[in-house]
Amino acid sequence: MAGRRGASRGCCPRPPLNQDNARFFLLAALILLYLLCGAAVFSLLEHPSELSARRLWKQQLKNFTQKHRVHPAALTSLLRQYEEANGAGIRVDALRPRWDFSGAFYFVATVVSTIGFGMTTPATLAGKIFLIFYGLIGCAATILFFNLFLERIITMLAYIMRWCHERRLRCVGEGAESNREEPSEEDDSLEGWKPSVYYVMLILVLASIVIACCASTLYSSMENWSYVDSLYFCFVAFSTIGFGDLVSSQRLRYESQEAYRVCNCLFILMGVCCIYSLFNVISIIIKQTLNWIIGKLVCCRSVPGCCGFCCPQNKKAVQRRQRRMKRNAVQPLPSQRPAGRRLYIGGSVETICDSETDAALDRVQVGRRLSGEMISVNDFTVSNKVSLALLQKQLSETAHQGPRQGHQNGFSGGVGALAFMNNRLQETSMDR
């Protein structure tokens, strides 16, 4: 036990708080800080405009009541009635019917995709109750669809990038020997080589930009929006934020109306899928950044002069752990061992005398002969004895630390889309 405690006092000892919990609380603190900064920026940008609009509205209301000799209370009552009608889908301008079949289909599409523009809401009690159960199943099924889309787009990108990687290796002559060999099942899978998460993120960003630009060109010409407003609508819709201040395909008449509505649905579907995939890839990078920050804090706090992942000892330790986990084989341990080192053998604890094992190792190393010479029986027995002790020790440590191996890289497997991308992309360990 003393040896195990001594081994934990390395360059970067294990933090007292579980790394998953530390990552959770750090992310919560960073999100809170992000919210505070966002609130400060938006308050600085939008609050003066709100005050100006409020003053302008009061002045217009006062001028209207004075000009038309309308009592302010009667006008206020009329405006409240208009707000209620507005909630039912009534607008001043002529708009498309809200609850015909095409309008209802547009509504349920915004519900199950979690966009929820808010321009149409159920007004009846039966409609509100039905929406609860309908949305529960529909949103779950749509999230599953997004996850399956993410799985296929990541797999497709991985195959394409793997093909480009192998082609580049063949061009430089490094893949000549592997081409002569018969391809095995492992070579055909994606486990041998994984694309970088940063390349995948770049491809998804470019795809999202192309879709948003094409959709904005369509919206600016059909809805008479500015191009910036069209880009703003694309992000709000594709990210399923859905404010509802700008909503496409709501007017009563359009030129080439049916073609425009089909293109609108296709653009929103492709945009939502790409942005959802991009969000999941960015979450991988955010999680790796949290791992890097936690490692920095632990190393800098525990060991003076240690600079986190830049520490050579920590880097070598992580690489050794990864090699052991990847090969899933027992590796020989170094001969240096702290005093009083214990081994778990068959559920009992046995202490190995340091002088005996060290002397045996010295005899084996010093008495090692050239490959052409024969080894003595004594050296052979001592070598097998020490190897057996080291083998038992490492098997015991592997058995006792097995349940925690899933967190050795500081990146738990996760669930859903996160778990899938952990198996498909690189940069999912602390040393990267």
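Arg54 is partly exposed, with a relative accessible area of 45%. On this scale buried means under 20% relative accessible area, exposed means over 50%, and partly exposed lies in between, using a 1.4 Å probe and protein chains only. The model is predicted: local features need pLDDT of at least 70, side-chain atom pairs count only at pLDDT 80 or more, and totals for chains, interfaces and linings use all residues. Residues are numbered from 1 along each chain as its sequence is written, and side-chain values use heavy atoms, with hydrogens and water left out.

**Salt bridges**

Side chains of opposite charge can pair when their charged atoms come close. A salt bridge here is a side-chain nitrogen of Lys or Arg within 4 Å of a carboxyl oxygen of Asp or Glu. The count by this rule is three.

| Pair | N to O distance |
|---|---|
| Arg23 and Asp20 | 2.3 Å |
| Arg54 and Glu50 | 3.2 Å |
| Arg162 and Glu166 | 3.2 Å |

Glu50 is partly exposed at 41% relative accessibility. Helices are DSSP runs of H or I with at least four residues, strands are runs of E with at least two, and both are numbered from the N terminus.

Helix H2 also holds Arg23 and Asp20, which are three residues apart and so separated by about one helical turn. Arg23 counts as buried because its relative accessibility is 5%, whereas Asp20 is partly exposed at 25%.

The pair Arg162 and Glu166 is in helix H5 (residues 125-172), with four residues, about one turn, between the two positions. Arg162 is buried at 10% relative accessibility, and Glu166 is partly exposed at 30%.

**Nonpolar patch**

A nonpolar patch on the surface has about 890 Å² of accessible area together, and its members include Leu27, Tyr232 and Phe279. Patches are made of residues with over 30% relative accessible area and no salt bridge; like charges are joined within 9 Å, and nonpolar side chains (Val, Leu, Ile, Met, Phe, Trp, Tyr) within 5 Å. Accessible areas come from the Shrake-Rupley method with a 1.4 Å probe, and for residues only the protein chains shown count as cover.

H2, helix H9 (227-238) and helix H10 (257-302) each supply at least two residues of the patch. Phe279 sits in helix H10 and is partly exposed at 39% relative accessibility.

**A loop residue**

Val70 is in the loop between helix H2 (19-68) and helix H3 (72-87). Val70 is partly exposed, at 27% relative accessible area. Leaving aside residues up to four places away in sequence, Val70 touches Phe64, Thr65 and Leu75, where contact means heavy atoms within 4.5 Å.
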